[in-house]
Amino acid sequence: MSIRYKINQTINWPAFERFICRMRPEVEDGDTDKNTYIKKFTWDEPDAVLWKGLPPRIEVTVDARYHYLLKAFLQISTKKSKISQREAKLIFFRRMRDEGILTGVVPGLEDAVEVAAAESARRSTSRGAVSVVPRLSMKTWNKSTSIGGGAEGTFSAGPDVSSRNLTRAQKSSTDLPG
């Protein structure tokens with residue numbers, strides 16, 4: 001099963017950097033132009049229990065200049081995992097919220113009632129237990145390992161992600177160092 005999400009949501013960049021560092025992506029790709037700095041990361045999820053079998057391979061595309069999570073692509077082996085598409089969506093977005101990367105409900109992809117019901121069910125089944133989403137040990141973070149650099153690729157975001165109606169102050173505060 002392959003699931004694609006077009007997210008286009010602002011993210012907490014320091015939380016994303018910490019998370020992606022822990023996930024140790026197998027593939028990292030980037031493309032830059034005058035308005036954007038697009039990065040793509042691919043990793044295999046670590047928790048087979050959470051994903052009800054073989055964990056998925058996840059690819060996310062982010063705008064590193066303006067700190068947007070643009071897209072996500074989940075590849076799940078239906079022969080080796082018993083998770084449904086709905087459950088995969090709930091787990092992925094809950095994980096992004098638990099890590100502090102996303103806040104709130106993602107419009108167009110999530111329903112506030114569905115998210116609240118899933119969170120309520122999760123809390124009731126895990127009372128007194130450790131969170132269902134694993135907290136991996138923090139690797140020492142070194143600014144020189146920031147994900148801002150990397151090889152340039154050919155991926156392009158298209159016109160829907162360029163300026164994002166940011167104020168001039170927001171744009172200048174989010175520009176990557178020269």
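Hi everyone, let's begin with Arg 24, which is exposed at a relative accessible area of 57%; exposed means over 50%, buried under 20% and partly exposed in between, with a 1.4 Å probe and protein chains only. Before going on, a word on the model: this is a predicted one, where local features need pLDDT of at least 70, side-chain atom pairs count only at pLDDT 80 or more, and totals for chains, interfaces and linings use all residues. Residues are numbered from 1 along each chain as its sequence is written, and side-chain values use heavy atoms, with hydrogens and water left out.

Back to Arg 24. Its phi is positive, about 45°, although it is not a glycine. You will find Arg 24 in the loop between α1 and β2 (27-32); helices (H or I, at least four residues) and strands (E, at least two) are DSSP runs numbered from the N terminus.

Asn 8 is another non-glycine with a positive phi of about 45°. Asn 8 belongs to strand β1 (residues 2-10), and at 22% relative accessibility it is partly exposed.

Now to the rings. How many aromatic pairs does the structure hold? There are six, where rings of Phe, Tyr and Trp (its six-membered ring) pair if their centres lie within 6.5 Å, and planes under 30 degrees apart count as stacked, over 60 as edge-to-face and the rest as tilted. Take Phe 19 and Trp 43: their ring centres are 5.5 Å apart and their planes stand at 80°, so this pair is edge-to-face. Since Phe 19 lies in helix α1 (residues 13-23) and Trp 43 in strand β3 (residues 37-44), the pair ties together parts 24 residues apart in sequence. Phe 19 is buried, at a relative accessible area of 0%, and Trp 43 is buried at 0% too.

Ring pairs also link Tyr 5, Phe 92 and Phe 93 into a cluster. Two of those names come back in helix α2, where the buried residues include Phe 92 and Phe 93.

So what does α2 look like? This helix (residues 85-98) has 14 residues and reaches 20 Å from its first C-alpha to its last, close to the expected 20 Å; that expected span is 1.5 Å times one less than the number of residues. Of its 14 residues, 10 are buried, so α2 is largely enclosed by the rest of the structure. Just after α2, Gly 100 takes a positive phi of about 85°.
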